[in-house]
Amino acid sequence: LSTDRLIRAGRGASDDRPLAVYAKENGAFQLKGVDVRASALGLTLAMSLADARAMQPKLEAIEAEPEEDARILDHIAAWCERFTPVVALDPPQGLFLNITGCAHLFGGEKKLRAEIVARLHAQGFGARAAIAPTPGAAWAFARYGTQQTQERNDLADALASLPAEALRLDPDAAALLRRLGLKTIGQILKAPRSAFTARAGERAMLRLDQALGRTQEALTPRRPAPPVFALRRLLEPIFTADAVLQVTQDLCGDVVEKLDLRGAG
């Protein structure tokens with residue numbers, strides 16, 4: 001996201017040099033973002049800036065601007081509200097879209113996903129998207145999955161082949177799994193829970209349960225969806241069940257019309 005933002009603003013190298021964004025961490029400058037060209041040349045996130053420049057002397061390196069990255073992510077989130085009113089930020093460079101009840105308005109889930117990605121690409125943003133029953137699974141598939149993994153019917157089976165990092169683990173939890181020799185989600189699924197007594201291990205189990213839908217994960221929308229309501233003022237009170245049902249039907253028709261205009265489910 002950071003390099004895409006710079007390129008869109010005309011701040012990237014004009015001679016097709018690779019572009020990277022760096023920041024100071026643990027006393028050393030590390031890469032925090034690389035563009036497509038830099039990635040193709042072997043530069044990766046968390047690589048030291050010195051090593052990156054040794055590998056690619058022509059590298060264009062720009063210091064990170066987290067505030068600007070957060071601002072552009074929020075702008076993208078606002079743009080995504082045309083697809084669903086429930087958009088949650090997942091910093092530093094992710095979004096969750098709850099499309100429950102909305103996909104049919106765009107021709108189905110696959111067409112909706114394709115449209116979002118294509119339109120973001122057209123605006124100069126590299127993007128990957130996945131649709132899944134849970135936020136954790138969607139996060140994993142978008143970053144580590146393939147078309148084949150997403151097409152499997154069983155969620156646990158689809159997640160099993162992905163690396164353990166697909167569970168959104170913090171460094172402590174990831175380090176614990178490495179010490180236990182657990183490299184994939186499938187290996188974690190088969191491991192006894194008694195091995196995860198440490199706090200970091202409990203965190204890994206929570207993320208696993210969230211991805212599988214065993215534990216609910218609440219998303220905090222970027223902003224609450226405005227309410228949709230319908231109102232009828234009657235000259236006289238109504239008392240019969242038939243009259244109440246008729247007015248209710250009319251009110252529902254008003255609500256449906258407002259939802260259609262908003263493009264909401």
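This report describes the overall build of one predicted protein model and then some of its local features.

## Basis of the model

The model is predicted: local features need pLDDT of at least 70, side-chain atom pairs count only at pLDDT 80 or more, and totals for chains, interfaces and linings use all residues. Residues are numbered from 1 along each chain as its sequence is written, and side-chain values use heavy atoms, with hydrogens and water left out.

## Overall build

The protein chain has twelve helices and five strands. Both are DSSP runs numbered from the N terminus: helices are H or I with at least four residues, strands are E with at least two. The C-alpha trace spans about 80 × 55 × 35 Å along its principal axes. The radius of gyration is 23 Å, while a compact globule of 265 residues would have a value near 18 Å. This radius is taken over C-alpha atoms, and the globule rule is 2.2 Å times the number of residues to the power 0.38.

Of the 265 residues, 35% count as buried. Buried means under 20% relative accessible area, exposed over 50%, and partly exposed in between (1.4 Å probe, protein chains only). The chain exposes about 15,900 Å², and carbon and sulfur atoms supply 54% of that area. Accessible areas come from the Shrake-Rupley method with a 1.4 Å probe; for residues, only the protein chains shown count as cover. Contact means heavy atoms within 4.5 Å. Among contacts with a separation of 6 or more, 43% are between residues 24 or more positions apart.

## Thr134 and helix 6

Thr134 sits in the loop between helix 5 (109-122) and helix 6 (135-144). Thr134 counts as buried because its relative accessibility is 9%. A polar atom of its side chain lies 3.1 Å from the backbone nitrogen of Ala137. Not counting residues up to four places away in sequence, Thr134 touches Gln210, Ala211, Leu212 and Gly213.

Helix 6 is mostly covered, with eight of its ten residues buried. Among the buried residues are Pro135, Trp139 and Phe141.

## Phe106

Phe106 is in the loop between strand 5 (94-97) and helix 5. Leaving aside neighbours within four places in sequence, Phe106 contacts Arg82, Phe83, Lys111, Leu112 and Glu115. Phe106 and Ala129 are 23 residues apart in sequence; their C-alpha atoms are 16 Å apart in space.

## A nonpolar surface patch

Leu234, Ile238 and Val244 form a nonpolar patch on the surface, with about 220 Å² of accessible area together. Patches are made of residues with over 30% relative accessible area and no salt bridge; like charges are joined within 9 Å, nonpolar side chains (Val, Leu, Ile, Met, Phe, Trp, Tyr) within 5 Å. A salt bridge is a side-chain nitrogen of Lys or Arg within 4 Å of a carboxyl oxygen of Asp or Glu.

Ile238 lies in the loop between helix 11 (199-212) and helix 12 (241-262). With a relative accessible area of 35%, Ile238 is partly exposed.

## Backbone exceptions

Most residues other than glycine have a negative phi, and most peptide bonds are trans. Pro91 and Pro92 are joined by a cis peptide bond, with omega about 10°. Pro92 lies in the loop between strand 4 (87-90) and strand 5.

Ala46 has a positive phi, near 75°. Ala46 is in the loop between helix 2 (36-40) and helix 3 (49-55). Its relative accessible area is 51%, so Ala46 is exposed. Arg168 also has a positive phi, about 60°. Arg168 lies in the loop between helix 8 (155-160) and helix 9 (171-179). Arg168 counts as buried because its relative accessibility is 13%.

Terms used
A polar contact is a pair of N or O atoms within 3.5 Å; within protein, one must be able to donate a hydrogen and the other to accept it, and residues adjacent in sequence count only if both atoms are side-chain atoms.
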